[in-house]
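Me: Please take a close look at a single part of this model. A connected account of how that part sits among its neighbours would be welcome.

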Amino acid sequence: MRLKSLYLLPILWMLVIFISSATPYDNQDVKPLLSGLDLQFLYPYLSWVEFTYHSSIVSVEALGIEGFIEFFIRKGAHVSVFFILTCLFFISFIKNTQWNRGKIYIWSIILTGLYAIVDELHQGITPNRTPYVGDVILDVFGGSLALLVIAVIFRLQKKYRHV
């Protein structure tokens, strides 16, 4: 019965994501924190980077050094938060089912992807937030990265178990 409580881990983590997504952009702005740091030394290294994301130019010139770094912090948060969610799904399934690892990988990434879609739809009804399919792609990338790390860990365990 105690192992079944592991299913609470991804549910609780989804609640954390939900609360974060319900927070308006202005309340999550980290630029004021970054402006307290002297980041101008990064300008020569980052000034050449420019691309479009969600119909907006992302560059040091367009966003300022603080806004540019904040963009990558936010997108890194997408990857890392959904990396964790996939790991929690995986742990819940491996401890509570008789499924083979392949099936666990598939269901972990499917549920992560579905929740990523739900999360973006939720952002669509949150003030100053917009849903974007690119963020879903980042979320699924984070989940896929988690599965890759898990697969490597299993492979290393198998390799060193036989040494």
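Reply: A crossing of two helices is called left-handed if the near helix is turned anticlockwise from the far one by less than a right angle, and right-handed if it is turned clockwise. In that sense, H4 passes H5 in a right-handed crossing. The contact (heavy atoms within 4.5 Å) draws on His78, Phe82, Leu85, Thr86, Phe89, Phe90, Phe93 and Ile94 from H4. From H5 it draws on Arg101, Ile104, Tyr105, Trp107, Ser108, Leu111, Thr112, Tyr115, Ala116, Asp119, Glu120 and Gln123. By class, this contact of H4 with H5 comprises 12 nonpolar, five polar and three charged residues. Here Ala, Val, Leu, Ile, Met, Phe, Trp, Tyr, Cys and Pro count as nonpolar, Asp, Glu, Lys and Arg as charged, and the others, Gly among them, as polar.

The structure is a predicted model, in which local features need pLDDT of at least 70 and side-chain atom pairs count only at pLDDT 80 or more, while totals for chains, interfaces and linings use all residues. Residues are numbered from 1 along each chain as its sequence is written, and side-chain values use heavy atoms, with hydrogens and water left out.

The protein chain contains six helices and two strands, arranged along the sequence as α-α-α-β-β-α-α-α. These are DSSP runs numbered from the N terminus: helices are H or I with at least four residues, strands E with at least two. Of the 163 residues, 34% are buried (under 20% relative accessible area; exposed means over 50%, partly exposed in between, with a 1.4 Å probe and protein chains only).

The axes of H4 and H5 come within 9 Å and cross at roughly 140°. Axes are lines fitted to C-alpha atoms, for helices over the stretch in contact, and angles run from 0 to 180 degrees between N-to-C directions. H4 and H5 are therefore oblique to each other; angles under 35 degrees count as roughly parallel, over 145 as roughly antiparallel, 65 to 115 as roughly perpendicular and the rest as oblique.

Thr112 belongs to helix H5 (residues 101-123). With a relative accessible area of 0%, Thr112 is buried. Apart from residues up to four places away in sequence, Thr112 touches Phe82, Leu85, Thr86 and Phe89, and also Asp139 and Gly143.

H4 also packs against helix H1 (residues 8-21), their axes coming within 8 Å and crossing at roughly 160°. H1 and H4 are therefore roughly antiparallel to each other, and their crossing is left-handed. On the H1 side, Leu9, Pro10, Trp13, Met14 and Ile17 take part, meeting Val81, Phe82, Ile84, Leu85, Leu88, Phe89 and Ser92 of H4. By class, this contact of H1 with H4 holds 11 nonpolar residues, one polar and no charged.

Helix H4 (residues 60-96) includes Asn96. This residue is buried, at 14% relative accessible area. The side chain of Asn96 reaches the backbone oxygen of Ser92 at 2.9 Å, within the limit for a polar contact (a pair of N or O atoms within 3.5 Å; within protein, one must be able to donate a hydrogen and the other to accept it, and residues adjacent in sequence count only if both atoms are side-chain atoms). Leaving aside neighbours within four places in sequence, Asn96 is in contact with Leu3, Lys4, Leu6 and Tyr7.
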